[in-house]
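Please look over the sequence and the fold below.

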Amino acid sequence: MFFDRPSKGERTLLLSISFDKFTTTEHDLAEFAQLAESAGLEVLNTLSVRRDAPHPSTCIGPGKVSDLQQEIQREKLELLVLDHELTASQQRKLERELKVRVMTQTELILHVFADRAQTHEGKLQVELAMLSHAQSRLVRGWTHLDRQRGGIGLRGVGETQISLDKRMLQKRVQITQSRLKKVQQQRNRQRHKRTRNQVPTVALVGYTNAGKSTLFNVLTRSRVYADDRLFATLDPTVRKLANASEQEILLADTVGFIRELPVELVAAFRSTLEEVTRADLLLHVLDATEPRLDEICRSVDMTLEQIGAASIPTITVLNKIDIAPDVTTRRSDANCVSALNGIGVEELKEHILNSLYGLHQKYQTELKPNEGKIRSHLYDMQVVENEEICRDGSSRFTLNLKADQVNHLIETYKLRLHG
């Protein structure tokens, strides 16, 4: 299916590539190295190269290829990882020239995801992402297996091996999508049950390795897996918020984001990210020790916009303040906590409760039998606390509304609301 490749080792050289419209920063290189180490690679050196445009044959140009050959021989390297995408021909050319395995950052992330996925759904999502990526890597490396020309009276060279490979991959993709769809239907039924029972959901989002899972454990008194490495959490986990009030709130721990998250991963993890898009409130968790908070925020905001969650109300949470005590001067609008030591956790719980319930007020209203459209809209808004059917067919509602929702219903439907 793929071209013959050198065997993969762990002695790794990282190569960061930047072009005119891209800027490579120290943060990029640090994240790149951390990602490689999370994959279990031994990073021996990190280099960077700047070009006006990608070289059509190797992306980095013949001069840099020559430099890398010397570096690989001197350090006895076994793997080259680039933070820029390569075409299949560029990747094959580099491996032939350098005599080592060449990987892109997308392949590295897929490798990490495959190693971390624990649940059936997570494994299916990773498999789908890997298959989608593999479809773009097919090359004519097995032409000796093409089906031969037919006999007398038959025309054509027969089906080529690359066509067989594409067909086989497409079939695998369809099977994996079908299996994943069944799991997604089960998750949708769980979401529908929570919606019907009017249980609000809060989703933890943010950059990978910001401490979301540790904070999740503290808020829910759970013991989900948490580790100080990138993408420690892949599978979504939902638990009840541990709070002193009687209000039931569910927290969802989700996969962490990363700069320029590959398209294949966003598409494959769509069902996981739906926990974010269906949430009533987001907790955007930031690492207080991160020197580039504004840049990290922009990266997360772009991902939220990409998955359609940019308009959901959000609470910013600065984690790890026990090792960054001066962070309050940088983000005065954030909740400062230490998930490890429990600092600020109770204040955060109170903020969550106030955001979900503190601004709501109960209202009474009545609808006639022919006002089914308004009734349906009220249920779509998830604001109906109680409905009582009268003898004349009308309905009396108890609604739990915010101020903006009150204005919306009055302006749109001229609805009479009684507090």
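What follows is a set of notes on strands, helices, an aromatic pair, cysteines and loops. The model is predicted. A search of the whole structure finds one aromatic pair and zero disulfides.

**The sheet of E11, E13 and E12**

- Three strands make up an open sheet, with antiparallel pairing, in the order E11-E13-E12.
- Strand E11 (361–367) and strand E12 (384–389) are the edge strands, and each pairs on one side only.
- On average, neighbouring strands of this sheet are turned by 15 degrees against each other, direction ignored.
- E12 is joined to strand E13 (residues 395–401) by five bridges, and the two run antiparallel.
- Ser 395 in E13 stands opposite Ile 389.

**The aromatic pair**

- The one aromatic pair found in the whole structure consists of Tyr 379 and Phe 397.
- Their ring centres are 6.5 Å apart and their planes lie at 70 degrees, so the pair is edge-to-face. The cut-off for edge-to-face is over 60 degrees.
- Tyr 379 sits in helix H12 (residues 372–380) and Phe 397 in strand E13, so the pair links distant parts of the chain, 18 residues apart.
- Tyr 379 is partly exposed, at 37% relative accessibility.
- Phe 397 is buried, with a relative accessible area of 0%.

- How many of the residues of strand E5 (residues 201–206) are buried? Six of its six residues are, which leaves the strand mostly covered.
- Both faces of E5 are covered. On one side lie the buried residues Thr 201, Ala 203 and Val 205. On the other lie Val 202, Leu 204 and Gly 206, also buried.
- Four bridges tie E5 to strand E7 (residues 250–253), and the two strands run parallel. Asp 253 in E7 is the bridge partner of Leu 204.
- E5 also pairs with strand E8 (residues 281–287) in the parallel sense, over five bridges. Here Val 202 stands opposite Leu 281.

**Helix H10**

- Helix H10 (residues 293–306) has 14 residues, which should span 20 Å at 1.5 Å a residue. The end C-alpha atoms are 20 Å apart, so the span agrees.
- Which residues of H10 are buried? They are Leu 293, Ile 296, Cys 297, Ser 299, Val 300, Thr 303 and Leu 304.
- An α-helix has 3.6 residues a turn, so residues three or four places apart point the same way.
- Asp 294, Arg 298, Met 302 and Glu 305 are exposed, on the face of H10 turned away from its buried side.

**Cysteines**

- The search of the whole structure for disulfides finds zero.
- Cys 59 is buried, at a relative accessible area of 1%.
- Cys 297 has 10% relative accessibility and counts as buried, because the cut-off is under 20%.

- Gln 177 is found in helix H6 (residues 161–196). Leu 180 lies in helix H6 too.
- Gln 177 is partly exposed, at 41% relative accessibility, whereas Leu 180 is buried, with a relative accessible area of 4%.
- Gln 177 and Leu 128 are 49 residues apart along the chain, and their C-alpha atoms are separated by 7.1 Å.
- Leu 180 and Gln 125 are 55 residues apart in sequence. From C-alpha to C-alpha they are 7.2 Å apart in space.

- Lys 76 is not a glycine, yet has a positive phi of about 55 degrees. Where is Lys 76 found? It is in the loop between helix H2 (62–75) and strand E3 (79–82).
- Lys 76 is exposed, with a relative accessible area of 64%.
- Lys 320 is not a glycine either, and has a positive phi of about 70 degrees. Lys 320 is found in the loop between strand E9 (314–319) and strand E10 (335–336).

Notes:
Residues numbered from 1 in each chain as written. Predicted model: local features only at pLDDT ≥ 70, side-chain atom pairs only at ≥ 80, totals over all residues. Heavy atoms only, no water. Pairing = 2+ DSSP bridges. Axes fitted to C-alpha atoms, helices over the stretch in contact; angles between N-to-C directions. Phe/Tyr/Trp six-rings, centres within 6.5 Å; stacked < 30°, edge-to-face > 60°. Buried < 20%, exposed > 50% of the residue type's maximum accessible area, 1.4 Å probe, protein only. Expected span 1.5 Å × (residues − 1). Disulfide = S-S within 2.5 Å.
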